[in-house]
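Work through the exercises below with the sequence and the model in view. Each task is followed by its solution.

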Amino acid sequence: MSAASIDGKAVAGEVTARVKSAAEVLQARTGQAPGLAVVLVGENPASQVYVAAKSRTAKQCGFKSVQLDLPAETAQAALLDHVAVLNADPTVHGILVQLPLPKGIDTDAVIRAIDPDK
């Protein structure tokens with residue numbers, strides 16, 4: 001039995017094209033592009049690269065992409081306030097909080113604070 005080779009770039013391109021098409025249909029129907037907010041707390045280099053890639057892909061797909069960069073010293077209460085603002089923003093349809101969060105922030109509490117409809 002031989003292993004099948006998968007062209008990851010080709011597959012990713014196909015998925016991006018399908019998502020972009022669906023986003024265009026949604027925007028034509030509603031007058032609004034899908035909105036994704038990404039929250040990055042701290043300056044973890046791997047997280048910064050990952051978040052930048054997510055933002056690029058979201059834009060390629062026709063999404064409104066918002067990135068909120070917060071310092072590592074951000075208190076949990078302040079982070080929860082930012083999440084609440086994003087929850088209330090009708091132009092934001094999805095919220096992604098990049099993990100790991102700095103020590104002292106309860107990751108589960110932050111994830112639970114994200115409106116499930118987002």
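**Exercise 1.** Find the residue with positive phi that follows α2, and check the length of this helix.

Solution. Gly-62 follows α2, and its phi is positive, near 90°. The model is predicted: local features need pLDDT of at least 70 and side-chain atom pairs 80 or more, while totals for chains, interfaces and linings use all residues. Residues are numbered from 1 along each chain as its sequence is written, and side-chain values use heavy atoms, without hydrogens and water. Helices are DSSP runs of H or I with at least four residues, strands runs of E with at least two, numbered from the N terminus. The expected span is 1.5 Å times one less than the number of residues.

**Exercise 2.** Which residues of α2 are buried, and where do they lie around the axis?

Solution. Buried means under 20% relative accessible area, exposed over 50%, partly exposed in between (1.4 Å probe, protein chains only). The buried residues are Ser-47, Val-51, Lys-54, Ser-55 and Ala-58. The face turned away from them carries the exposed Pro-45, Ala-46, Val-49 and Arg-56.

**Exercise 3.** Why does Ser-55 count as buried, and which residues does Ser-55 touch?

Solution. Ser-55 counts as buried because its relative accessibility is 9%. Leaving out residues up to four places away in sequence, Ser-55 touches Ser-65 and Gln-67, where contact means heavy atoms within 4.5 Å.
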